[in-house]
Amino acid sequence: MSQSKILVIEDEAAIRDMLKFTLTSSDFSVSEASNAEDGWKLVLEEIPDLILLDWMMPGTPGVTLAQRLRQNDKTKNIPIIMLTARGEEEDQVQGFNSGADDYVIKPFSPRALVARIQALLRRQSPDQSKGDELITGNMRLDLKSHRFYVVDAEIKLGPTEFKLVHFFMSHPNRVYSRAQLLDQVWGVNVVVEERTVDVHIRRLRKLLEPTQVANYIQTIRGSGYRFSVVEE
């Protein structure tokens, strides 16, 4: 089995060295860049399996690079984990809105980071055993091409939102708690705060609002979320 390729984009040499040691010890192949522009060039050359991206760097910040990655057809589906010392909820929302799939606050546990990388890589390949597409109401999820449509209009989803839609469409009309969604979408034993679910649900609803199917995802007060086609 080939090694997964991880690209570390981080301006602090000590952190890059620590990450390279941790990741190579966990059998990952690691490339490094010290700024966003060098990182962008390496992404296009290597197309890594996952990117660890520092938020605060001289020149172009990580959130700007994340947005650029999401706008490019070659790089839009590469998982991104944002590394940052900024831990406020509004910072996390900005990080996720830029296209990050996960958000790790410095200082962090190297072992926990590896677990999150492994979980994110596992959920990159949706289970296609039930066919190549899911159709619910006006929504269609093409698992083969990794595209999502409402009626005939394609809606661009990040990898986490794609996984959420996949799970919801595969499990309609049932209430799932935030903890259950974390286990199903982010992976069992991965340390992620429950409010991360709320951030991604808000982002997904915002993407769906123009198509008027955002109400398919219903908040059940005190319990969690339910996906159900709402009859007009």
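Which residue in E2 is the bridge partner of Val-8? The bridge partner is Glu-32. This is a predicted model, in which local features need pLDDT of at least 70 and side-chain atom pairs count only at pLDDT 80 or more, while totals for chains, interfaces and linings use all residues. Residues are numbered from 1 along each chain as its sequence is written, and side-chain values use heavy atoms, with hydrogens and water left out.

**Sheet**
- An open, parallel sheet is formed by 5 strands in the order E2-E1-E3-E4-E5 (strands are DSSP E runs of at least two residues, helices H or I runs of at least four, numbered from the N terminus; strands pair if DSSP finds at least two bridges between them).
- Strand E2 (29–33) and strand E5 (102–105) are the edge strands, each pairing on one side only.
- From one strand to the next, the twist averages 20 degrees (axes are lines fitted to C-alpha atoms, for helices over the stretch in contact, and angles run from 0 to 180 degrees between N-to-C directions).
- Strand E1 (residues 5–9) pairs with E2 in the parallel sense over 5 bridges.

**Helices on the sheet**
- Helix H2 (residues 36–46) touches E1, E2 and strand E3 (50–54) (contact means heavy atoms within 4.5 Å), and its direction makes about 165 degrees with that of E1.
- Helix H3 (residues 62–71) lies across E1, E3 and strand E4 (80–84), at about 170 degrees to E4.

**Contacts of Met-139**
- Leaving aside neighbours within four places in sequence, Met-139 is in contact with residues including Phe-148, Val-165, Met-169 and Phe-227.
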